[in-house]
Amino acid sequence: MNDLRPVGTPINIDGVEREILFTLPAIHEIQKKFGESIDIILDNAMGNSMNTCEVMEWERDMLTILFNDESKRKKNIDLEVTEESLEEVLTAKLAYKILFLILASYGYDFPEPDDDEDGDPNMESGEQK
């Protein structure tokens, strides 16, 4: 029989391995924080309407809720975080990597890059510019 225990998406923030898992309590807390359904919140994040600073603030809020939910699930108060503690470790360089991890953890599916496309963009024509 398959094991039905939920498994989160691993994420390493500032050298600490954490798990992103969208449980019902976490989803309720996120919807309460943002004032919209989780689907709308995540669809908005997928759009290009946010600048890097807004993405980082959004991630800070999402990770605070998701990490504190993890702390409750694991009954480990040492895993609790504050928005301020996350502000110190979130960087613009990692902002979009974290965004994709959050979206993938919820269940958004992103296409894998094709093997042919990771080489020279002029491969078909043979031209070098």
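The axes of helix H3 (residues 52-73) and helix H5 (residues 95-106) come within 10 Å and cross at roughly 45°; axes are lines fitted to C-alpha atoms over the stretch in contact, with angles from 0 to 180 degrees between N-to-C directions. H3 is therefore oblique to H5, a class left after angles under 35 degrees (roughly parallel), over 145 (roughly antiparallel) and 65 to 115 (roughly perpendicular). The crossing of H3 and H5 is left-handed, the near helix being turned anticlockwise from the far one by less than a right angle. Contact (heavy atoms within 4.5 Å) involves Thr52, Val55, Met56, Trp58, Glu59, Met62 and Leu63 of H3 and Ala95, Tyr96, Ile98, Leu99 and Ile102 of H5. These residues comprise 10 nonpolar, one polar and one charged.

The model is predicted, with pLDDT of at least 70 required for local features and 80 or more for side-chain atom pairs, while totals for chains, interfaces and linings use all residues. Residues are numbered from 1 along each chain, and side-chain values use heavy atoms, without hydrogens and water.

Helices are DSSP runs (H or I, at least four residues) numbered from the N terminus. H3 has 22 residues and reaches 31 Å from its first C-alpha to its last, close to the 32 Å expected at 1.5 Å a residue. At its N-terminal end, a side-chain oxygen of the capping asparagine 51 lies 3.0 Å from the backbone nitrogen of cysteine 53.

Notes. Helix = DSSP H or I, 4+ residues; strand = E, 2+ residues; numbered from the N terminus. Expected span 1.5 Å × (residues − 1). Polar contact = N/O pair within 3.5 Å; in protein donor to acceptor, adjacent residues only side chain to side chain. Nonpolar A, V, L, I, M, F, W, Y, C, P; charged D, E, K, R; others polar.
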